[in-house]
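Hi,

Here is the structure I promised to pass on. Have a look at it first, and then read my notes below.

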Amino acid sequence: MSEWGDGTRCVRAGLPEPAPGDPFLPGPVFAAPYHLDPFSGPSTSPNGYGRPDNPTRRLLEAAVGELEGGDCRVFATGQAAITGLLLTLLRPGDTVVLPTDGYFPVRAFATDVLEAIGVRVLFVPTVGPYPSFEGVRLVLVETPANPGLDVVDVAALAEQAHAAGALLAVDNTTATPLGQRPLDLGADLVVASGTKALTGHSDLLLGYLASRSTELIDAVTTWRTTTGAVPGAFDAWLAHRSLATLDLRLARQSANAAAVVDLLAGRSDVTGLRWPGRPDDPAYPVASAQMRRIPGVLSFDLGDADRVGRFVAAARLVAAATSFGGLHTTADRRAQWGDDTAPGFVRLSCGAEDTADLVADIAAALDAAGSV
Ligand SMILES: *Cc1c(COP(=O)(O)O)cnc(C)c1O
């Protein structure tokens with residue numbers, strides 16, 4: 001399997017062996033209970049009840065697991081996967097390292113819930129400096145971090161964590177498994193939101209966790225079964241269907257981001273431009289060594305909230321929306337959600353529009369927005 005390119009792997013990921021008369025990707029199996037064998041009960045089939053297992057979900061897990069290079073469990077949302085990981089592993093008295101500049105609801109969960117149950121939380125910027133990991137149970141990094149797009153060297157951090165007896169988990173949401181494979185780089189666990197570029201159609205919520213450790217997968221599976229944060233069969237099927245085009249979507253999104261970055265870098269009315277694929281970006285050296293491709297997400301500052309509003313209102317191809325990684329280009333002024341970013345900070349997620357159309361539209365919208 002590994003000798004195939006990304007496009008081939010995406011198209012085939014998780015599909016059952018071909019059988020005459022069967023579809024390529026079987027449709028969603030909608031079931032809460034399944035028929036049981038009246039004598040042997042649930043022991044003869046994995047399909048007994050829908051919370052522990054569902055065949056549509058299993059195919060999606062096989063697909064994402066192939067792309068990440070580990071075993072996978074999917075969750076109802078990315079947040080369910082991440083909080084599930086944290087609560088599976090952490091006990092009162094444990095220490096966890098989390099990013100200061102990572103996904104904001106994870107930070108809120110850490111201070112509201114983890115600290116309240118006696119877990120020590122150390123917040124560290126993605127770029128470091130990282131403290132000694134002696135006595136740390138889990139280090140969770142996000143790379144590239146959302147929304148600031150800083151990047152950290154996963155292999156170096158895995159070595160440091162393992163030397164101290166800590167586990168390393170990587171939030172792979174922004175990169176996707178085609179952008180980087182954290183398990184190959186030495187991470188123990190991958191967590192991610194499948195809501196963003198992985199599925200890319202802005203029509204479902206999904207999360208997943210992947211690992212090569214049977215012990216960790218078993219513990220997380222028990223957590224998921226007992227707490228119940230599973231995706232429905234239809235969302236799992238839609239997600240699997242969408243995976244087939246991941247390579248195509250990322251290629252266009254990344255090319256669009258490169259072209260938009262070229263435009264923005266040449267404009268004196270745009271500041272704070274960040275994209276890990278730009279050679280003079282601080283994240284470029286590590287990103288270009290560690291990542292297999294750069295996502296279509298970039299960020300910049302337009303000075304204040306009103307100018308961001310004028311820019312988005314003037315653009316025909318840029319929708320005001322949160323989330324990212326979808327087929328439609330979107331802009332999100334993160335401060336409106338309470339994220340601790342500057343008032344004019346914009347995360348721009350490039351979609352799959354034609355590059356020339358998108359660049360022209362953004363240039364015209366910036367002209368129309370005027371200055372602060
Ligand atoms: C969106 C996101 C999440 C949460 O995912 P949901 O599917 O919205 O719950 C976690 N981490 C990162 C980096 C994200 O961007």
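First, the ground rules. This is a predicted model, where local features need pLDDT of at least 70, side-chain atom pairs count only at pLDDT 80 or more, and totals for chains, interfaces and linings use all residues. Residues are numbered from 1 along each chain as its sequence is written, and side-chain values use heavy atoms, with hydrogens and water left out.

Helices (H or I, at least four residues) and strands (E, at least two) are DSSP runs, numbered from the N terminus. Two strands pair if DSSP finds at least two bridges between them.

Start with the open sheet: 7 strands in the order 1-7-6-5-4-2-3, with mixed pairing. Its edge strands, each pairing on one side only, are strand 1 (71-75) and strand 3. On average, neighbouring strands are turned by 20° against each other, direction ignored. (Axes are lines fitted to C-alpha atoms, for helices over the stretch in contact, and angles run from 0 to 180 degrees between N-to-C directions.) Strand 2 (residues 95-99) pairs with strand 3 in the parallel sense over 5 bridges, and valine 96 has valine 121 in strand 3 as its bridge partner. Helix 4 packs on this sheet, touching strand 2, strand 3 and strand 4 (138-142), and its direction makes about 155° with that of strand 3; contact here means heavy atoms within 4.5 Å.

Next, the helix pair. The axes of helix 9 (residues 246-265) and helix 12 (residues 355-369) come within 9 Å and cross at roughly 35°. Residues that meet there include Leu263 and Leu264 from helix 9, and Ile362 and Leu366 from helix 12.

Strand 10 (residues 319-320) and strand 11 run parallel, joined by 2 bridges, with alanine 320 opposite alanine 331. Strand 11 and strand 12 (residues 345-349) run antiparallel, joined by 4 bridges, and aspartate 332 stands opposite arginine 347.

Finally, which residue is found in the loop between helix 4 (104-114) and strand 3 (120-124)? That is alanine 116. Alanine 116 is exposed (over 50% relative accessible area, with a 1.4 Å probe and protein chains only), at a relative accessible area of 63%. Alanine 116 and leucine 264 lie 148 residues apart in sequence and 44 Å apart in space, C-alpha to C-alpha.

Cheers

Conventions. Buried < 20%, exposed > 50% of the residue type's maximum accessible area, 1.4 Å probe, protein only.
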